[in-house]
Amino acid sequence: MKVIQLHKNNTDLISKAAKNNREAQHTLYEVHAPKMLSVCRYYVKDVQKAEEAMLNGFLKAFTNLKNFKNEGSFEGWLRRIMVREAISFLRQQKNIEFSVEEVETPHNYTNNINTEIEVAEIQQLIDELPEGYKMVFVMYAIEGYKHNEISEMLNISEGTSKSQLFKARQMLQRKI
């Protein structure tokens, strides 16, 4: 049996989708939706609401697809849209709260917990964090954003970002 590759690379598929080719858009959605839902789920506890944020993210992505320059990975570009959309969704829900108390974070801070925990359990523990802690923790520890990027995206100071991360880690360590 010979397998025929439908799309040789994402570039062709992306250019078709940018021209409002519904089949190409559907294919991009099918390929990337599971991972993008996971990204939205990091931020939004309720799966249905996370799905809503993801769908809004895809709508924005398809609307702005002509702006994608093929300079980086498409998945990275799409992921960034999803993160911003999840944050926007939470802002609309008015669920974000950042404590303004600054905490001195040690430079040599390390995680000294050695335990095996299932992914679902970790997600549950992260979901239990206050929204501000959770958002900064996910952006820094999972998404890999730097504190200056987080502060810019969330309109908070770098110190507040560092403080939220430190408190989130402490809270997670106590729970684990």
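This is a predicted model: local features need pLDDT of at least 70, side-chain atom pairs count only at pLDDT 80 or more; totals for chains, interfaces and linings use all residues.

Which residues have the most contacts inside the largest nonpolar core?

Reply: The residues with the most contacts inside the largest nonpolar core are Leu28, Tyr43, Phe58, Met82, Val83, Met139 and Leu154, and the core has 47 residues. At least two core residues come from each of α1, α2, α3, α4, α5, α6, α7 and α8. The largest share belongs to α4, which supplies 9 residues.

Let's zoom in on Tyr43. Setting aside neighbours within four places in sequence, Tyr43 is in contact with Val83, Ala86, Leu90, Glu131, Lys134, Met135, Val138, Met139 and Glu143. Two of these partners, Val83 and Met139, are also listed with Tyr43 among the residues with the most contacts inside the core.

Now turn to α1, which spans residues 10-18. Here Leu13, Ile14 and Ala17 are buried. Viewed down the axis of α1, its buried residues fall within an arc of 100°, so they line one face of the helix. Just after α1, Asn20 takes a positive phi of about 65°.

Finally, step back to the whole chain. The protein chain has 8 helices and 0 strands. Of its 176 residues, 38% count as buried. Among contacts with a separation of 6 or more, 71% are between residues 24 or more positions apart.

Note on methods: Residues are numbered from 1 along each chain as its sequence is written. Side-chain values use heavy atoms; hydrogens and water are left out. A nonpolar core is a set of buried Ala, Val, Leu, Ile, Met, Phe, Trp, Tyr and Cys residues joined through side-chain atoms within 4.5 Å. Buried means under 20% relative accessible area, exposed over 50%, partly exposed in between (1.4 Å probe, protein chains only). Helices (H or I, at least four residues) and strands (E, at least two) are DSSP runs, numbered from the N terminus. Contact means heavy atoms within 4.5 Å. The arc is that of the directions from the helix axis to the C-beta atoms.
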